[in-house]
Every structure is written in structure tokens, then in C-alpha cells.
Amino acid sequence: MKTSIAMTTYNGKEYIRELLDSVRCQTLVPDEVVIVDDCSADGTPELVREYIKQYRLENWNVICNETNLGWRKNFRVALDKCNGEFVFLCDQD
């Protein structure tokens, strides 16, 4: 059974590292983590990319929307990008 985490972000740079640590350190590791950023202006996607590189998280992917979609549509994009049979939703706040 393949599991995915669909995570959305928006201007969450100040607290996102704590969430990323929590997801990375879970007892049951997901098969993929899809992170969709909704046009953050505070450097959130860059921080997430650096985090992924630091921990060599090959099954984590960051996608940046070209325009701000709002939280509902942003989650829809994240869900559409997931391949798992079971998908868990995760939001930065």
C-alpha cells in the first residue's frame, strides 16, 4: 500500500521547519511527500528545497503555483499530484 502526504504552504517560512521535521521523523515513512506552495513571498519554497536537499529526501517534491489559488484549490493541486493509495493532508498551520 503506497502512502502520500499532500502538504500545502503559503508564507510559512517561520514555522515550516518544525512541520518538515515532524513529517520526516514519523514512525511510518510515507512513500512520497508532495508540497505545493501557493506563491509565498517569504522564501518558503526555497527553504523547503534546501531542507529536502539537506536530508536527501528523494521522495519529496516541491511544486510552486504560478498564481495564487487559495487554500482549497491549492490542496486540490496537491492531491492531484499524489500517487498513493492513501493520501494524508498536511497544512503548515
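Strand E2 (residues 32–37) and strand E3 (residues 60–64) sit side by side in the parallel sense, joined over 5 bridges. Strands and helices here are DSSP runs numbered from the N terminus (E, at least two residues, for strands; H or I, at least four, for helices), and two strands pair if DSSP finds at least two bridges between them. This is a predicted model, where local features need pLDDT of at least 70, side-chain atom pairs count only at pLDDT 80 or more, and totals for chains, interfaces and linings use all residues. Residues are numbered from 1 along each chain as its sequence is written, and side-chain values use heavy atoms, with hydrogens and water left out.

**From E2 to E3**
- Look for Val 33, which stands opposite Trp 60 in E3.
- To get from E2 to E3, the chain goes through helix H2 (residues 44–54), and this β-α-β crossover is right-handed.
- Right-handed means that, with the strands pointing away from the viewer, the path from the first strand over the helix to the second runs clockwise.

**E1 and its partners**
- E1 also runs parallel to E2, with 6 bridges joining them.
- On the way from E1 to E2 the chain passes through helix H1 (residues 16–24), in a β-α-β crossover that is right-handed.
- E1 pairs with strand E4 (residues 86–91) too, in the parallel sense over 6 bridges.
- Thr 8 is a handy landmark: it stands opposite Val 36 in E2 and opposite Asp 91 in E4.

**How covered is E1?**
- E1 is mostly covered, with 7 of its 7 residues buried (buried is under 20% relative accessible area, exposed is over 50%, and partly exposed is in between, using a 1.4 Å probe and protein chains only).
- Thr 3, Ile 5, Met 7 and Thr 9 point one way from the strand, Ser 4, Ala 6 and Thr 8 point the other way, and all are buried.
- Take Ser 4 in E1: it counts as buried because its relative accessibility is 0%.
- The side chain of Ser 4 makes a polar contact with the side chain of Glu 32 at 2.5 Å (a pair of N or O atoms within 3.5 Å; within protein, one must be able to donate a hydrogen and the other to accept it, and residues adjacent in sequence count only if both atoms are side-chain atoms).

- Met 1 is in the segment before strand E1 (3–9).
- Met 1 counts as exposed because its relative accessible area is 72%.
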